[in-house]
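Good morning, everyone. Today we walk through one fold, piece by piece. Please have a look at the model first.

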Amino acid sequence: EIMPSLVGSEMCIRDSINNVFWRLTMYPEDLMEKVLFTEEDIQKRTLELAKEISQDYKEKEIVLLCTLKGAILFFSDLVKKLDVDNTFEFIRASSYIGKTTDTSGNVRITNATSLDIKNKDVLIVEDIVDTGLTCVRLTEYLLANGAKSVEICTLLDKPSRRVYKDLKPKYVAFKVPDCFILGYGLDYDEKYRDIPKIGVINPKYIK
Ligand code: IMP
């Protein structure tokens, strides 16, 4: 039996056979011009990366540094698949302001947690590496604050826009073309982070 119901303020479909609620998103169907990666693609690739990281950091203790807010979904899926001793830290590093889809050139770093990284091997978990500015500044900041090593694990890599050519993220889930991407943590004007897949924004929704 499938019937619409309201859970909180959201419309859901109640599947009473399996006793679950399926969420109906209120986003327009054509919000994504193109879906690049489905939930299944993301989980499969995340597992491959987790195996690689677990192998590389075997017998080390790794600090997993989640960059807020964009990497939060990727971070939470990745860490569950890792098989290595670890601790979590969170940091906010933002180079985008408001509605613009261009990088501003400045990176503001704010600590969400007081970082415990001295003499530790840090793995930055990023949503997307675009010009590379954020990761370059963040790496400098972590090394200046005593990290023993810093590597980058990014969900998406947009190499065509790279300004910092020497920056090579060690772990990349997917390469993407020079388009504005959203979903699975990535926002446009702080929205759409909750969409479980990754796609290209339809230009008609860019204000
Ligand atoms: P970078 O400093 O130019 O490498 O940009 C990194 C940051 O810009 C990411 O952490 C994102 O927050 C944001 N960003 C870059 N490209 C996109 C995109 O296509 N969609 C959403 N955010 C993006």
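This is a predicted model: local features need pLDDT of at least 70, side-chain atom pairs count only at pLDDT 80 or more; totals for chains, interfaces and linings use all residues.

I will start with the whole chain, then take the sheets, the helices and a few single residues.

First, the overall picture. The protein chain has three helices and twelve strands. How does its radius of gyration agree with that of a compact globule? For 207 residues, such a globule would have a radius of gyration near 17 Å, and the protein chain has 18 Å, which agrees. The C-alpha trace spans about 55 × 40 × 30 Å along its principal axes. Of the 207 residues, 43% count as buried. The chain exposes about 11400 Å², and carbon and sulfur atoms supply 51% of that area. Now look at contacts between residues with a separation of 6 or more. Residues 24 or more positions apart account for 63% of them.

Next, the six-stranded sheet. In what order do its strands lie? The order is β7-β6-β5-β8-β9-β10. The sheet is open, and the pairing is mixed. At the edges sit β7, residues 108-111, and β10, residues 171-175, and each pairs on one side only. From one strand to the next, the twist averages 25°.

A quick reminder about sheets in general. Strands pair through backbone hydrogen bonds, either parallel or antiparallel.

Let us go into the pairs. Take β5, residues 62-68. Six of its seven residues are buried, so β5 is largely enclosed by the rest of the structure. β5 runs parallel to β6, and seven bridges join them. In that pair, I62 has N86 of β6 as its bridge partner. How does the chain get from β5 to β6? It crosses through helix α2, residues 72-79, and this β-α-β crossover is right-handed.

β5 also pairs with β8, in the parallel sense, over five bridges. There, L64 has L123 of β8 as its bridge partner. β8 covers residues 121-129 and β9 covers residues 149-157. These two strands are parallel as well, with eight bridges between them. I124 is bridged to I152 in β9.

Now the helices. Helix α1, residues 39-56, lies across β5, β8, β9 and β10. Its direction is at about 160° to β10. Helix α3, residues 133-144, packs on the sheet too. α3 touches β5, β6, β7, β8 and β9, and its direction makes about 165° with that of β8.

β4 and β12, residues 198-201, pair over four bridges. Within that pair, the bridge partner of K34 is V200.

Start with T139, in helix α3. Is T139 buried or exposed? The cut-off for buried is under 20% relative accessible area. T139 has 17%, so T139 is buried. Leaving aside neighbours within four places in sequence, T139 is in contact with I124, V150 and I152.

Next is S94, in strand β6. S94 has 17% relative accessibility, so S94 counts as buried. Not counting residues up to four places away in sequence, S94 touches N106, V107 and R108.

P159 has a relative accessibility of 36% and counts as partly exposed. Not counting residues up to four places away in sequence, P159 touches K175 and V176. How far apart are P159 and T110? They are 49 residues apart in sequence and 26 Å apart in space, C-alpha to C-alpha.

That is my tour. Over to you for questions.

Note on methods
Residues are numbered from 1 along each chain as its sequence is written. Side-chain values use heavy atoms; hydrogens and water are left out. Two strands pair if DSSP finds at least two bridges between them. Axes are lines fitted to C-alpha atoms, for helices over the stretch in contact, and angles run from 0 to 180 degrees between N-to-C directions. Contact means heavy atoms within 4.5 Å. Buried means under 20% relative accessible area, exposed over 50%, partly exposed in between (1.4 Å probe, protein chains only). A crossover is right-handed if, with the strands pointing away from the viewer, the path from the first strand over the helix to the second runs clockwise. The radius of gyration is taken over C-alpha atoms; the globule rule is 2.2 Å times the number of residues to the power 0.38. Accessible areas come from the Shrake-Rupley method with a 1.4 Å probe; for residues, only the protein chains shown count as cover.
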